[in-house]
Amino acid sequence: MQNKKRYHIGIDTGGTFTDVIVIDSDGNTTVGKAETTPGRFEIGVLEALTDAAGKLGLTRKELLTDAASLVQGTTVGTNILINRDGVKTGMITTKGFEDTTHIMRAIGRIDGLGPEEARHAAVVKKPIPIVPKALIRGVTERFDSLGNEVVALNRDEVEEATRALVAEGVEAIAICFLWSHVYPQHELEAYEIVKGIAPNVYVDMSHKVAPLIREYGRFNTAAIDCYIGPIMVRWYQHLDNVLRSEGFSKELLTAQVWGGVMPYTDMLPIGTINSGPVGGVIGSRRIATDLLDLANVVTTDVGGTSFDVSIIAEGRHIYAREKPIMRYRVNIPMIDVTSIGAGGGTVAWVDAGGGLKVGPFSAGADPGPACYMKGGTEPTVTDAAVMLGIFDPDFYLGGRKKLSKEAAVNAVKALADKLNMDPIETAAAIFDIQNEHMIDLLRLMVTRTGHDPRDFAVFCFGGGGPTHGPIYGKRLGFKAIYMFPTSSVWSAFGLASADVSRIFDRSTFFRMPVDPQEFNNVCDELEKQAMTEMTRIGFKPEDIVLSREISMKFGRQVNVERIPIPRKCYTSQDLEDICNSFVEFYRSVYGEGAAFVEAGIEAMAFHVIARVPQVRPSLVEFPLGSADSSHALKGTREVHWKGTGFLRTSIYDGEQLHPGNVVAGPAIAELPTTTILVPQDSELKIDEHGFFVLS
C-alpha cells in the first residue's frame, strides 16, 4: 500500500496578498494565493489554502487533515503598531525612571525615519511612547549593575500601583526594573503581586522578553509586547480554532523575527512583527547552503508594499542590534532585514516643487493599484508596468485577476499632465525611479557590512522580485541572479521549512582575557536555561541542538559585533582564539586599521541558539535537457525597455520551461504568480532544480 502524502504548509499574510506554499512528502511544491482581507485575515488565509488545495485535487479540509505542519507569519502585530490600536497598557518601573521611554535617546527625534523624512523639520519629532505617562507607576526598589540588592522591593507600592492601573482600565502591564536583566528577583516578585490582584491582565517582565543591557530598548520591548500581546494571542487562538474546524490537528506554529518558528502558545508576540520577510531569508539560507553551496547571498523581497533586503554572509544570518520597530528601539534578536516603501503598489506622486516621486506609501490591498478596478485612482508601479507591456492585463495571477490597462493609463496620464510629460515617458520614469530606490538600498546594505556585491549571489523573490531583480542585479554586478518558480510565495516557503528555534541572551561584561572558568560558567548557565525552557515547552532534550555566539567590541569604541563560537569547555588558548576571530571579523567588515586592538577587547553579551530541527522535505532535482526553449514560446508583444523604448519581445510560458532550457533577452517569462524580465544582452537559464538563473 502506498504511503499517504503529508503536507508541510507555510502561510505568509502580507499587506497585499496572502501566500501559501505546500511542500509534499516527495518534495513537490504547490502555490496558493489570495488577496489579504484586512480586519478578517483568516478569510484570506482560508481562500489561499483553498487555492492551493484545488491545484492538488484536494478540498481544503483534506489538505489540512493531511498536514504534517503549518506555520503562519502574520502582519497583525505590525498593523496594530501602524494603526496605534493596541490594548491600553500600563507600566510599573523603578522609581525615578518613569520617564525612560519618554526621554528616549538623543537620536529619538529621527530614529526610524528615512533620509528624506529626516530632512524635514515638520516630521523630526519624537514618536508618541507606547505607554503614556499617566499609566506609568514608579515603585521603590534597586539592584546595582553587579546584581547586589541596594533597596528591597516595596511590595505595598506594587500593590498600590497595580490597583491604580487596573482602575484606569489597563489590559496589560509591563514590569520594567533597572538592572533586572542581571538579577530579576524584584520583577518576579512584582509579577506575582500583579497577577494575584489582576489575574486576567496580560503581564510581561522586561528581563524575560529582553534580558540585555540598556533599559530604554528593554522597556520598549516589554511595552510593545504588552501592547500587542493580548490581541495577538486572541488572533492565534481564533485562527487555531478556525483551522481545527477545517480538519487541522497539529500544533499551530508562528514565525519569529529571529529566524525560526515557535508554537503560538509559547510565542513572543513582539517577535511576530516583521516576521514575514524573515521567512524569505530563512528559505534563502536553506537553499543557498544546502542545495547551491553558496555562502554569500543577498535576499531581496519585492512585495506589494515594500522592498526587503537582508544579507547572508559566510552562511550566517546577520543580526541587528537594537533595531527599531517602527520608531521604537527594541532589544530582541532580529535578523537584519531593512525595508523601504518600494513594492508593486507603491504610489507615484508630484511633490511641492513639481518633481516626480515614487513612494514610500502604497495603495495596499484596498483599494490597490488603479488597474485593479477596486476604487484606486492613484498611479502605482504596477500601473506603470501594465502600460509598459511588462504585465499582461489578461494573465495577472495566471489569468485569475484581470487588470484594466485603461484605468492604468488614466491614472498615469493624470500624473503626466501635472508634470507636463508624455504618459509613456511618465510610466517609464516611475518604473526607473522604483528600480533606483532598490539599487540605492542594496548598495548601502552590502557595502556597510564590508562586502562587495561581486562576491554575492542575489535571490529575487516576492511577486515583483523577478520583475525588478534582473535590473538591480545587473546594475550592481552580483555574480549570479536567482529567481524561483515559487518566488511570489518565497517567504511562505521559508516558513514551511523553518526549524523551531529560540535565542537565549545574557548581558555579561568581561574585559578579555578573562578567567576561562568565569567564561565557561556563563555559557553553561545560559545553555541550562535554554534546555529548561525548551523542555518545558514540550521538546525532548535529545532533539534540541544548541549553538553559541558572543557579542564583542573594542574598548573606547561603540560598534558591537556578533560572532559564532564553538561549544566546548574553554581554555585560555580558546579565549585567545575567540579574540583573534573577532579581530579578523571586525577588519573584514570595517577595513584594515579600523580595529582598535590597543584598547583591548570587551565581551558584552552571550547568546545560545536552541533549535529543534524539523523534517525538511527534499526538493526535486531534474536532469538537464536541451537548451532549446522554443516549445515554451507563447508569442510576442511590445514591451518598453530602458534605453531603446518599445521592442517586439518574445513571451514565454515559464511553467513550460524545463531544466537546461535557455532564453535569450529581450524576453519575458510569465508564471501564474510572477513575471520574469530577461533584459537585452542577458540569458535566462533553468538549472537542475528548476530555478531561473540570469547571466
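Tutor: What follows takes a few labels in this predicted model and sets each against its rule.

Student: What makes β6 and β10 edge strands?
Tutor: The open sheet runs β6-β5-β9-β10, with parallel pairing. β6 (136-139) and β10 (202-205) each have a single partner strand, so one side of each is left without a neighbour in the sheet.

Student: How do you know that β5 and β9 pair?
Tutor: Pairing takes at least two bridges. Strand β5 (residues 89-94) and strand β9 (residues 172-176) have five bridges, so they pair. I92 stands opposite I175 in β9.

Student: Why is the pair Y236 and Y264 called stacked?
Tutor: The centres must lie within 6.5 Å and the planes under 30 degrees apart. Here the values are 5.8 Å and 20°, so the pair is stacked. Y236 lies in helix α9 (residues 215-245), and Y264 in the loop between β12 (260-263) and α10 (275-291).

Student: What makes Y264 buried?
Tutor: Buried means under 20% relative accessible area. Y264 has 14%, so it counts as buried. Y236 is buried too, at 0%.

Student: How do you know that the charge of K634 sits over the ring of F395?
Tutor: The distance limit is within 6 Å of the ring centre. The charged end of K634 is 3.9 Å from the centre of the F395 ring, so the distance passes.

Methods:
Residues are numbered from 1 along each chain as its sequence is written. This is a predicted model: local features need pLDDT of at least 70, side-chain atom pairs count only at pLDDT 80 or more; totals for chains, interfaces and linings use all residues. Side-chain values use heavy atoms; hydrogens and water are left out. Helices (H or I, at least four residues) and strands (E, at least two) are DSSP runs, numbered from the N terminus. Rings of Phe, Tyr and Trp (its six-membered ring) pair if their centres lie within 6.5 Å; planes under 30 degrees apart count as stacked, over 60 as edge-to-face and the rest as tilted. Buried means under 20% relative accessible area, exposed over 50%, partly exposed in between (1.4 Å probe, protein chains only). A charge sits over a ring if NZ of Lys or CZ of Arg is within 6 Å of the ring centre and within 35 degrees of the ring normal.
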